[in-house]
Amino acid sequence: MINLFWIYLIPIVGILCLIITPAKQTRLLKLISLNFVGIQFLSFLIVWMCFDKYVAKFQFVQKIIVVPIWNLNLVIGVDGISILFVLL
């Protein structure tokens, strides 16, 4: 099963890696950003290829319980329009 939570976390991890890299190492910064963009794009391609466009409901739905006492949950899923936002 495809885990959308980790796909949304890839850019955040990339940003954190860029923050801790010294600014004078421009080549390393470019390589780090290129690698994370590539990983994000490959993840999007996997989601896009597994997406069933004939189903009229949310797909790859995940429910993550954040604070069970307050019944605070994070629900992630994609439909036909929002699948393109995964690429962004």
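Residues are numbered from 1 along each chain as its sequence is written. In this predicted model, local features need pLDDT of at least 70, side-chain atom pairs count only at pLDDT 80 or more, and totals for chains, interfaces and linings use all residues, while side-chain values use heavy atoms, with hydrogens and water left out.

Me: Why is Gln59 called buried?
Reply: Buried means under 20% relative accessible area, exposed means over 50%, and partly exposed lies in between (1.4 Å probe, protein chains only). Gln59 has a relative accessible area of 10%, and is therefore buried.

Me: What is Gln59 in contact with, leaving aside its neighbours within four places in sequence?
Reply: Contact means heavy atoms within 4.5 Å. On that basis, Gln59 touches Cys50, Phe51, Asp52, Gly77 and Val78.

Me: Why does Lys57 count as exposed?
Reply: The relative accessible area of Lys57 is 57%, so the residue is exposed. Lys57 belongs to the loop between helix 2 (26-50) and strand 1.

Me: How many disulfides does the structure hold?
Reply: A disulfide is a pair of cysteine sulfur atoms within 2.5 Å. The structure holds zero disulfides.

Me: What makes strand 1 and strand 2 a pair?
Reply: Strands (E, at least two residues) and helices (H or I, at least four) are DSSP runs, numbered from the N terminus. Two strands pair if DSSP finds at least two bridges between them. Strand 1 (residues 59-67) and strand 2 (residues 72-78) run antiparallel and are joined by six bridges. Val67 stands opposite Leu72 in strand 2.

Me: What do strand 1 and strand 2 form, and which residue in the turn has a positive phi?
Reply: The two strands form a hairpin with four residues between them. Asn71 in the turn has a positive phi of about 55 degrees.

Me: Why is Ile19 described as exposed?
Reply: Ile19 has 60% relative accessibility, and therefore counts as exposed. Ile19 lies in helix 1 (residues 4-20).
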